[in-house]
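Me: Hi! Could you walk me through this one?

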2 protein chains.
Amino acid sequence: MKPHLLLLLLLHFTLPTTLLLLLPTATMPKPPFSLSLALSLTLAALLSSSPESRRLPFLRKPFHKTQNNLTPNNYTYEIRYFQQTLDHFTFQNLPKFPQRYLINTHHWLGPSRMAPIFLYCGNEGDIEWFAANTGFVWDLAPLFGAMVIFPEHRYYGESMPYGSWDEAYKNASTLAHLTAEQALADFAVLITDLKRNLSAEASPVILFGGSYGGMLAAWMRLKYPHIAIGSLASSAPILQFEDIVPLETFYNIVSNDFRRESTSCFNTIKKSWDVITSVGRKVNGLDHLAKTFHLCGKLESSDDLFDWLESAYSDLAMVDYPYPTEFLMPLPAYPIKEVCKKIDNSAEGTNVLDRIFKGVSVYYNYTGKAECFELDDDPHGMSGWDWQACTEMVMPMSSSKNSSMFPEWEYNYTSYAEECRNEFGVTPRPTWITTEFGGHNYKSVFGTFGSNIIFSNGLLDPWSGGSVKENISDSIIALVTKEGAHHLDLRAATADDPDWLVEQRASEVKLMKGWIDEYHTTKKAVFNM
Amino acid sequence: MKPHLLLLLLLHFTLPTTLLLLLPTATMPKPPFSLSLALSLTLAALLSSSPESRRLPFLRKPFHKTQNNLTPNNYTYEIRYFQQTLDHFTFQNLPKFPQRYLINTHHWLGPSRMAPIFLYCGNEGDIEWFAANTGFVWDLAPLFGAMVIFPEHRYYGESMPYGSWDEAYKNASTLAHLTAEQALADFAVLITDLKRNLSAEASPVILFGGSYGGMLAAWMRLKYPHIAIGSLASSAPILQFEDIVPLETFYNIVSNDFRRESTSCFNTIKKSWDVITSVGRKVNGLDHLAKTFHLCGKLESSDDLFDWLESAYSDLAMVDYPYPTEFLMPLPAYPIKEVCKKIDNSAEGTNVLDRIFKGVSVYYNYTGKAECFELDDDPHGMSGWDWQACTEMVMPMSSSKNSSMFPEWEYNYTSYAEECRNEFGVTPRPTWITTEFGGHNYKSVFGTFGSNIIFSNGLLDPWSGGSVKENISDSIIALVTKEGAHHLDLRAATADDPDWLVEQRASEVKLMKGWIDEYHTTKKAVFNM
């Protein structure tokens, strides 16, 4: 397993290509994903021809030229910029920065009716991409007579401190203010200002978010209950810190997604790592591997191939959706089933490596258009999520020898921190998130304190392992779907939605309606939607 | 009225002398108090002969040499230092600083019994002084088998970033991290680390605090419910922001404290300002005033006399206690009654100024030992609380023409901000505190979200005007005493305590016991005190 910096994909709406930015090697586990940074950087490149694009990580997947097709911008909004405070918690003489936000008031019934405001907690990427892929919020706006706001997360998309990506990402000192706490305060200040300007102080705010954005939505409801009356936190792994959940959870869920389709598929994958290592060590072995896996260039190390395969498996687990999607890649319904069919049903005598190649081709080349695959990466790329993972978003993960189909890996904080110091000159604070937001004993703490949060999860999603999957109180509700994957509920409704997804969304609507009704009752106001 | 920077006394345990640090003149209202900064600076001087003392504000009261007598250090504790993160919310490469804390585990029944931890939220002064004057916590520790911790607030006492007071208070850049949010995070990090080291993660924490410390205690319970199970927030004016309470509240309460004793007393004081102004404008008028009020030095301006009188009246309202105290000054029980007796009962024909002098002498010279009074101040003093008031602790106050006995004053944010820019090079964020901690619509927000907070107040205390004085829910309780003043409940029990004070404290104990019992029930643990 090629060890390098743990990058976490908390991004839920992303590009058709899986983009991996790989940091310099160290004694680190394979990153489950690193789409987040790729998204922000790639979109920056797509949206501008500014010097930022020079810093883009190399795109290692074959489809990157088709990305422009994947902005299904069916939703209309105004783009605005708010002069945002860079450091809310100190009073240094720092320049403000333009926080971009998207706003649509078309369906909003206005302040006199205390009509609600739906705020999507922008996460680690371009906010227009999130807006384009969070159809659920747009679907709901007319039903609720709601205003829709998508504020962008600082240091992503166009919301750059210090005037540009280059300046914002220059070094640890300029990146210092890229934290979740500052992002939450951004949302709080922005919405407070906006409501004041609209005389809409009495309009209740409901927060939405998926993945890291879901974590922000949940934390925001906990920390700023006066700002928002409730949150839908979809696939939000707020418990993926320290030892709150078993460190093997993530990779075990990925592995189980494969095992549930086929034990032999699981076993073939589990066996393949040793085969790759063994072949790679032979004379011309790397060339043989490159040929087997149709790589466009030379293979420098078996580790690079490990990365490529691992990210396919993990991504497949996230997007193991019940209908065809182009979410991460163009894929069939329940793509893992298809991958395992290829692995299992190859002609008798087909060797392990050929089976694996046929399997992952479902992921990397479902359209059949790719002639070869690039594994290149940019060892010098710096990304927002890398920074966040190296400061406060320290999410320990291991791969268990027995229950995981991945190579065994034991989490090692010491080497993780060392890597962060090397990469950014920063030392992580691995216990800060739980100190600031809680997590240990979350059931009793949230249960007696928090309210009006929906934690939605699909059990196929490896991030569900670090999420809240049980009701904590009457108003902190877990909506779990056995067949769901990574925050499918936030996407627009389609004709292909299975009943359980329709029901999940209906439950969410009912709960949100309840929050608003309760709010209006408290306000003794009449509000007819 | 001499207008200068609004300084707020949120300090509840202070010196026997009233110390005023006056900032350069500007178009600002009279500060109700400025003891806070004086305390920290004075104690720094008393406790060390370091260069810091050179920055001390001039002590304008006659008893400052007796301060050493006023450390009734009856409580034993160990003094420790925690290497604290200077900026919790960003990842700049800043030096840690030694946060001092006092700890006593003598009565603690230990982690195996999940015995509680009582944490006093250190506010704007030396923590040893708070420890010495928060007898209630010490009284309760053996009853609850509790550990007692008094962490010091950053930038006060010995808890100085950058190695020294001089360095920490050098300029706006070094003062930048003196905020309430950072202080709360300090407490959270400290207690989390301490509990981990003691394997006492399961021990519930109860927070205590008075005045600004009470605000911190309340906010900490709201923002860090996973850290503390409940808070006793005594005389905590968390609503004294923006326009949540009428701006005239503070001065009206002071005024009413005098009027309830005697209408003629109130009227004499109300009349006196014009008399002083009029006399001061005459030839040798300032000399005449200086002689009348037994000032040691020359009177430069009537405004200086205004300040001196106003602070006496406001302080008297805070310490209008039912038994003799040496809290701010050595004083009789219900000192306002005594002041008004002197004002009202002077021989017929005594003029207004002589009456006023006799009245305030009860405050400034109850022991009769002062031969003259100093009004000096240090126009260049920088203090922690001044900084806080110029950044986030913007508490608007006016003095109403009709209902206040003070000169009329209308709050003017523009000039307030201008003064802050002149003094510190910093612009306040007057709406930040309510954005971060709430305040508007606090009843519905706290009621549906918060829990386990006691807001205790005495209605004679002018700070009660900005405090929570009604029950908000079953577990957010207001304990209001008609005859109480500034957080009397936090002081040690005495034989002179009136019944209503004994009852107030008993209610507090009962509620805290309820929190702990509920916590232990939740934890399914047996705990016998």
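Here is a chat about the contact between the chains and the sheet in each of them.

Reply: Happy to. This is a predicted model, where local features need pLDDT of at least 70, side-chain atom pairs count only at pLDDT 80 or more, and totals for chains, interfaces and linings use all residues. Residues are numbered from 1 along each chain as its sequence is written, chains are lettered from A and ligands numbered from 1 in the order in which they are written, and side-chain values use heavy atoms, with hydrogens and water left out.

Me: Great. How many residues does the contact take from chain B and chain A?

Reply: Chain B gives 47 residues and chain A gives 47 residues, with contact meaning heavy atoms within 4.5 Å.

Me: And how much area do chain B and chain A bury between them?

Reply: About 3800 Å², 60% of it on carbon and sulfur atoms. Buried area here is the accessible area (1.4 Å probe) that two parts lose on being put together, summed over both.

Me: Which elements of chain B give two or more residues to that side?

Reply: They are α6 (180–197), α7 (212–223), α16 (432–437) and α17 (442–449) of chain B. Of these, α6(B) gives the most, with 7 residues. Helices (H or I, at least four residues) and strands (E, at least two) are DSSP runs, numbered from the N terminus.

Me: How many salt bridges are there between chain B and chain A?

Reply: The count is 0, taking a salt bridge as a side-chain nitrogen of Lys or Arg within 4 Å of a carboxyl oxygen of Asp or Glu.

Me: New topic: what is the strand order of the open sheet in chain A?

Reply: The 8 strands run β1-β2-β4-β3-β5-β6-β7-β8, with mixed pairing; two strands pair if DSSP finds at least two bridges between them. At the edges sit β1 (78–84) and β8 (476–481) of chain A, each pairing on one side only.

Me: What about β5 and β6 of chain A?

Reply: Strand β5 (residues 205–210) and strand β6 (residues 230–234) of chain A pair in the parallel sense over 5 bridges. Within that pairing, A:Leu207 has A:Ser231 of β6(A) as its bridge partner.

Me: Over to chain B. Which strands does α7(B) lie across?

Reply: It lies across β5 (205–210), β6 (230–234) and β7 (453–458) of chain B, at about 150 degrees to β5(B). Axes are lines fitted to C-alpha atoms, for helices over the stretch in contact, and angles run from 0 to 180 degrees between N-to-C directions.
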